[in-house]
Amino acid sequence: RLPTAGRPPASTLCPPLVPSRFRMAVTVTLAATLSLLGPRVRPSRRRAAVASSSATGELRGLLQMARLKNVPMGAALVAFGAYGARHAPPRPPTMVASQLVLGVATTTIVTTGSMLINDYHDWRGGVDTAETKPGRPLVTGEVRPETVKLVLKWGYALHLTLLCLVEPAALRLLVLANTLLTYLYSVHLKPVTGVKNAVCAGIISMALGLGAT
């Protein structure tokens with residue numbers, strides 16, 4: 001056995017890769033994402049959805065649900081924030097470019113993911129029906145609810161992976177707060193007048209702040 005005297009503590013030899021506060025934030029995001037599973041879909045609704053779905057049709061339906069037309073706007077907010085901070089203390093161009101790409105990527109995932117969450121919860125809650133929203137992919141059965149949940153789980157797993165690359169830690173928390181606010185808006189706050197407007201304003205300002213930072 002090697003002598004232990006004079007050896008540095010184990011925490012110095014193997015420092016934690018992720019700060020405890022950040023691990024806690026990631027845990028909260030995972031819990032919020034897993035809550036999308038919710039109660040099991042009733043068999044009758046599942047059979048109706050499976051009957052008319054196909055791989056190509058589901059992909060087309062998912063793209064429709066994601067509302068990709070909103071992606072350029074989200075990316076533009078990050079770019080505007082970066083432009084507004086152009087007089088900040090200079091940093092290496094590669095670092096600026098990589099952080100800008102990460103900002104656009106995380107914003108895109110949150111934007112499209114929130115649209116999927118919105119449609120899923122509206123369908124599950126009975127808001128979107130054949131009478132109210134006859135063209136929605138979940139209502140027509142073009143997309144299965146299980147597929148939506150699967151895409152969301154993998155999408156937010158990618159989001160968390162990219163989030164670990166964002167620097168500094170304060171900026172990671174900003175992205176995490178934006179993600180949680182978007183989720184809360186889509187699931188709980190959308191019907192609350194006034195509050196939903198404030199949340200939307202906060203989400204937009206956070207996207208600008210992400211680019212500026």
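What follows is a chat about the helices, cores, salt bridges and surface of a predicted model.

Biologist: Hi! What should I know about this model before I start?

Modeller: It is a predicted model, where local features need pLDDT of at least 70, side-chain atom pairs count only at pLDDT 80 or more, and totals for chains, interfaces and linings use all residues. Residues are numbered from 1 along each chain as its sequence is written, and side-chain values use heavy atoms, with hydrogens and water left out.

Biologist: Thanks! How many helices and strands are in the chain?

Modeller: The chain has ten helices and zero strands. Both are DSSP runs numbered from the N terminus: helices are H or I with at least four residues, strands are E with at least two.

Biologist: And how much of the chain is buried?

Modeller: Of its 213 residues, 35% count as buried. Buried means under 20% relative accessible area, exposed means over 50%, and partly exposed is in between (1.4 Å probe, protein chains only).

Biologist: What does the largest nonpolar core look like?

Modeller: That core has 13 residues, and Met65, Leu116 and Leu138 are among those with the most contacts inside it. Helices α4, α6 (93-124), α8 (145-163) and α9 (169-189) each supply at least two of its residues. The largest share, four residues, comes from α6. A nonpolar core here is a set of buried Ala, Val, Leu, Ile, Met, Phe, Trp, Tyr and Cys residues joined through side-chain atoms within 4.5 Å.

Biologist: Which residues is Met65 in contact with, leaving aside neighbours within four places in sequence?

Modeller: Met65 is in contact with Met115, Leu116, Asp119, Pro137, Leu138, Val143 and Val148. Contact means heavy atoms within 4.5 Å.

Biologist: What lies apart from that core?

Modeller: Another core, of eleven residues, lies apart from it, and Val78, Leu162, Leu171 and Val175 are among its members.

Biologist: New topic: how many salt bridges does the count come to?

Modeller: The count comes to seven. A salt bridge is a side-chain nitrogen of Lys or Arg within 4 Å of a carboxyl oxygen of Asp or Glu.

Biologist: Which side chain does Glu58 meet in a salt bridge?

Modeller: Glu58 meets Arg144, at 3.0 Å from N to O. This pair links distant parts of the chain, with Glu58 in helix α4 and Arg144 in the loop between α7 (137-140) and α8, 86 residues apart.

Biologist: Are those two buried or partly exposed?

Modeller: Glu58 is buried, with a relative accessible area of 8%, while Arg144 is partly exposed at 31%.

Biologist: Okay, what about Arg136?

Modeller: The side chain of Arg136 meets Asp119 in a salt bridge at 3.4 Å, N to O. Arg136 also forms a salt bridge with Asp128, at 2.7 Å, N to O. Asp128 counts as buried because its relative accessibility is 6%. Salt bridges that share partners join Arg67, Asp119, Asp128 and Arg136 into one network.

Biologist: Last one: which residues form a nonpolar patch on the surface?

Modeller: Leu59, Leu63 and Leu68 do, with about 280 Å² of accessible area together. Accessible areas come from the Shrake-Rupley method with a 1.4 Å probe, and for residues only the protein chains shown count as cover. Patches are made of residues with over 30% relative accessible area and no salt bridge, joining like charges within 9 Å and nonpolar side chains (Val, Leu, Ile, Met, Phe, Trp, Tyr) within 5 Å.

Biologist: Where is Leu63 found?

Modeller: Leu63 is found in helix α4 (residues 55-66). Leu63 counts as partly exposed because its relative accessible area is 44%.
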